Every structure is written in structure tokens, then in C-alpha cells.
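Subject: Structure handover

Hello,

The structure we discussed is below, and the notes on it follow. Please read them with the model open beside you.

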Amino acid sequence: MYSKDEIINILSSNDDSILKTADEIRKQYVGEDVHLRGLIEFSNYCNRTCYYCGLRYENKNIQRYRLTPEDIIATAKYAKNIGLKTIVLQAGEDVCFSNNILCNIIEQIKKLDVALTLSIGEKTYDEYKSFKDAGVDRYLLRIETTDKTLYNALHPNMSFENRIECLYNLKSLGFETGTGSLVGLPNQTIESLANDILFFKTLDADMIGIGPFIPHPCTPLGDSDVDLKKNFDLSIKVMAITRILLKNINIPATTAMETLNPNGQIIALQSGANVIMPNITNDECKKKYTIYPNKQNQDIILAKEKIYSIGRAISVNKGFRSK
Ligand code: SAH
């Protein structure tokens, strides 16, 4: 177990031997299999105004779309047919999907005998419970940053305390709970990244998704002066330390990593990651799910080729957190 100071030292130094250590821990605790999760981005409507995200309500420069429940279920069936074992439903915080509509979709998808993950933001305890009762297995809700001042500056009309409460509610309801943070936000310190990692450990998160921050031109952070290479390298390190501390959890090689480095996914898979989330949303819609520019949507065939090219295998099970 690293202390906060040790984590800060690792993140601040040029030494990246930590990546190799993370790769060894990954191999020892979760093996060589890579889990594929079929991602369906079912709506880019959002009533939030997060400063970094292109889906924010105030961005009028985006064509909004929302899949019908039939489209969502058909896409899930396609995923099942091509052998995917987990479906991830992600969207902005779109009020048009009522709890009833969502629970119906969930029940239909669960009939396919797949694991199901939701990533649709902050909901009440009772709403989360209804998803759990309908059959959802996992939930992804990134804390984004544990620096409360920074969190509040980036999330108007939201509350840091509520975000934390949502994560503990998800845990207590028995979801496999995923969180994670953005790396390289303006005004984010190395110390706060160390706190993020320690928070993942305290929560005992089952999944952690780490992404480098990529400025989106139609957001308030659009002209932030960020060093994208630095954000990429730092995000890989944050991910590696997370693997070393949490050992047996699931960690994706994220799309944002792939967006900043043509070899990003492979580097991630060799620095602690064991999951890839290919995007199976139809082409027209996935182009519009622009949380940041040039998003490199992961193609399933290419993902498989990459996994084989580094001598890894594709998991044949649902890929719950290994005990
Ligand atoms: N509404 C859902 C899903 C949000 S999109 C929710 O609140 O959980 C998924 C993730 O994209 C976010 O959690 C955020 O970490 C990431 N993201 C958004 N804008 C980004 C940007 N500009 N650069 C990198 N990642 C970004």
C-alpha cells in the first residue's frame, strides 16, 4: 500500500517503472483475458452543464439524438449475437428516459443472458434500487475529481457530497460500482490525483475508468492550455497505481487514452488495464456523442486484433470482479 506522499512522488517523477509493476499485478490477479463490453450511447441529451463535456446542455452546436427503446434492445441483441457478454448503456442525463422506460429496456436486455452496466449519472437511491431490481449488474459514475473546490467549479448546480453519496448508494445496493477521474483538468494538482486514487481504494470500487482530459472547443474549458501528451502519460500512471492498489478490479483501456495516442489502448493494456469497451452504437449516432473532439470510437474487430497482437486472450465470461 502506497502512502499519499509515495503516490505523489511516483506521479511527479519521470520514472515509469510503475507501469511494468502494474502489468505484473494485472497478470497475477486478473490474468491474460481482456473483457469486451459493448457500449451503447443511447442519448446525447443532457440537462447538466459540466464545464468539460461537449454534451452539456448549453452546447447548441451539437445535433442531439435519442435512440428508441426498440433500437436500444435491437443493438443489445446484435451485441449478444456477436458474442459480447456485457452491455453498457450510457447517456447524458436525459429526463425523457423515465424510470419505467428504463426498467422495461433493462428487463428486455437481461432476457439475453448478458451482464448489464448503466452509466446515466446521478439518480436517487430509489431509482438506483429500481434499476437493481430490474436486473442491472453494474453502474459507472465517475467522481471526476475528488478536489471539492475544483469539482464545484466544474459542475454548476451539482454537489460533490451528492456524487459521493450516489457512489455509496450504488455500493450498498449491491451493484458492481465503477468510478474514476479525469486527469489533467486545468487547476488540478498532483496531490488531488493522489487523493483520487486513495478515494478509489476507500470506496473499494469494482471498476475504475481513468481518462485524460481533452478540451472540447464548445465548452467553457475549450481553450484551456493543456499538454495533451502530459495528460496521456499521467493518466496511464494514475491507472497503473490504481491497479497496484486495488489489484483484482476491472480497469478499461479508455477511449480518451486511444484518442490521444494511436497506441493508447495497447499501452494501457500493458500498464494495468484488462477491459476494452467497443462502441456498438450505430455510426450516425456515435459521431454525435462528442463528449470531446476526435473521439476514437473503438471498433470491435480492431480491438480484438490489438488484444491478440500483444498475446492476450478475449474473455469468454461476463467478467465480474475476480474474487
Ligand atoms: N452522464 C453520464 C455519462 C457521462 S460521459 C455520467 O454522468 O456518468 C462519460 C465520461 O466522459 C464522464 O464521466 C467524463 O469523465 C468523460 N468526459 C466528459 N468530457 C470529457 C472531456 N472533455 N475529456 C475527457 N473525458 C471527458
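Helix axes here are lines fitted to C-alpha atoms over the stretch in contact, and angles run from 0 to 180 degrees between N-to-C directions. Please keep in mind throughout that this is a predicted model.

Helix pair H4 and H5

On that basis, helix H4 (residues 99–110) and helix H5 (residues 125–134) have axes that come within 9 Å and cross at roughly 25°. Angles under 35 degrees count as roughly parallel, and H4 and H5 are therefore roughly parallel to each other. Their crossing is right-handed. On the H4 side the contact is made by Asn99, Leu102, Cys103, Ile106, Glu107 and Lys110, and on the H5 side by Glu127, Ser130, Phe131 and Ala134. Sorted by class, the contact of H4 with H5 has 5 nonpolar, 2 polar and 3 charged residues.

Helix H8 and its two partners

H8 (residues 190–203) packs against H1 (residues 4–12), with axes that come within 9 Å and cross at roughly 125°. That angle makes H1 oblique to H8. The crossing of H1 and H8 is right-handed. From H1, the residues that meet H8 are Lys4, Ile7, Ile8, Leu11 and Ser12; their counterparts in H8 are Ile190, Glu191, Leu193, Ala194, Asn195, Ile197 and Leu198. By class, the contact of H1 with H8 holds 8 nonpolar, 2 polar and 2 charged residues.

The other partner is H7 (residues 160–172), and the axes of H7 and H8 come within 11 Å and cross at roughly 30°. This makes H7 roughly parallel to H8. Ile164, Leu167, Tyr168 and Lys171 in H7 meet Phe199, Thr202 and Leu203 in H8. The contact of H7 with H8 divides into 5 nonpolar residues, 1 polar and 1 charged.

Ligand surroundings

Which residues are closest to the ligand? Of the 17 residues that surround the ligand, the closest are Tyr52, Ala91, Arg142, Glu144 and Ile214. A polar backbone atom of tyrosine 52 is 2.9 Å from a nitrogen atom of the ligand. For alanine 91, a polar backbone atom is 3.0 Å from a nitrogen atom of the ligand. For isoleucine 214, the distance from a polar backbone atom to a ligand nitrogen atom is 2.7 Å.

Backbone angles

Glutamate 144 is in the loop between strand E4 (138–140) and helix H6 (148–154). Aspartate 113 also is not a glycine, and has a positive phi of about 60°. Aspartate 113 is in the loop between H4 and strand E3 (115–119).

Regards

Terms used. Residues numbered from 1 in each chain as written. Predicted model: local features only at pLDDT ≥ 70, side-chain atom pairs only at ≥ 80, totals over all residues. Heavy atoms only, no water. Helix = DSSP H or I, 4+ residues; strand = E, 2+ residues; numbered from the N terminus. Parallel < 35°, antiparallel > 145°, perpendicular 65-115°, else oblique. Left-handed = near helix turned anticlockwise from the far one by under 90°. Contact = heavy atoms within 4.5 Å. Nonpolar A, V, L, I, M, F, W, Y, C, P; charged D, E, K, R; others polar. Near = heavy atom within 4 Å. Polar contact = N/O pair within 3.5 Å; in protein donor to acceptor, adjacent residues only side chain to side chain.
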